[in-house]
Amino acid sequence: MKRLMIVTALGFTTAIGAALAAKTAVASDPMPLPRPAIENTAADAATGIETRMILVSAVDPAASRASGYGIDDTTRITFPVYFAEGRTQPGADARTVLRAVAEEITYRGLTDITVAPSPAIMHADYETQEAAERRAAAVAETLMENGVPERWIAIQPGLASDV
């Protein structure tokens with residue numbers, strides 16, 4: 001009986017070891033050929049709708065804070081605003097979204113409003129980054145037209161900025 005338990009335990013241990021070794025081997029296998037060039041991957045990421053998105057984020061003072069060290073421990077509410085290709089001014093749909101965002105900001109008393117290009121803009125070319133900055137300025141302007149005071153809004157510059 002003891003021999004059977006020992007043999008079973010050894011067999012089980014060997015099976016676990018083999019499974020872990022197989023999983024490690026699969027995880028460390030190189031990417032199959034042909035591998036995409038790094039430049040192509042970055043260019044593909046920068047051409048999508050993500051580069052035409054502006055993020056409006058704010059802090060709800062009534063929301064609970066994350067347990068942390070007191071540095072940026074607030075939960076941010078983010079509203080994405082999408083632009084049509086080639087546009088730097090909000091269209092009808094974007095204006096409707098921004099009107100709703102402005103109402104949410106003023107009704108709930110949201111603070112620390114930040115208007116910024118999406119992180120995908122970091123991989124875009126200079127002209128696309130400049131367009132993103134114009135979109136961010138247009139979003140801030142539209143928020144102000146809908147009742148959000150200018151002093152509440154901070155526009156985060158993109159990479160193209162001279163700042």
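Q: Helices here are DSSP runs of H or I with at least four residues, and strands are runs of E with at least two. How many helices and strands does the chain come to?
A: In this predicted model, the chain has four helices and four strands. Along the sequence they follow the pattern α-α-β-β-α-β-α-β.

Q: What makes the contact between helix 3 and helix 4?
A: Helix 3 supplies Arg95, Leu98, Val101 and Ala102, and helix 4 supplies Val139, Thr142, Leu143 and Glu145. These residues divide into five nonpolar, one polar and two charged. Arg and Glu count as charged, which places Arg95 and Glu145 in the charged group.

Q: What makes strand 2 and strand 4 the edge strands?
A: The open sheet has four strands in the order 2-1-3-4, with mixed pairing. Strand 2 (76-82) and strand 4 (153-155) each pair on one side only. On average, neighbouring strands of the sheet are turned by 20 degrees against each other, direction ignored.

Q: How do you know that strand 3 pairs with strand 4?
A: Pairing requires at least two bridges found by DSSP. Valine 115 stands opposite isoleucine 155 in strand 4.

Q: Which strands does helix 3 touch where it packs on the sheet?
A: Helix 3 touches strand 1 (53-59), strand 2 and strand 3. Its direction makes about 160 degrees with that of strand 2.

Q: Why is leucine 110 called buried?
A: Buried means under 20% relative accessible area. Leucine 110 has 2%, so it is buried. Leucine 110 is in the loop between helix 3 and strand 3. Leaving out residues up to four places away in sequence, leucine 110 touches Ala58, Val59, Asp60, Pro61, Ile77, Phe79, Glu104, Ile105 and Trp152. The C-alpha atoms of leucine 110 and isoleucine 77 are separated by 9.0 Å, with the two residues 33 apart along the chain.

Q: What share of the residues in the chain is buried?
A: Buried residues make up 28% of the 163 residues. Of the contacts between residues at least 6 apart in sequence, 74% join residues at least 24 apart.

Terms used. Residues numbered from 1 in each chain as written. Predicted model: local features only at pLDDT ≥ 70, side-chain atom pairs only at ≥ 80, totals over all residues. Heavy atoms only, no water. Contact = heavy atoms within 4.5 Å. Axes fitted to C-alpha atoms, helices over the stretch in contact; angles between N-to-C directions. Buried < 20%, exposed > 50% of the residue type's maximum accessible area, 1.4 Å probe, protein only.
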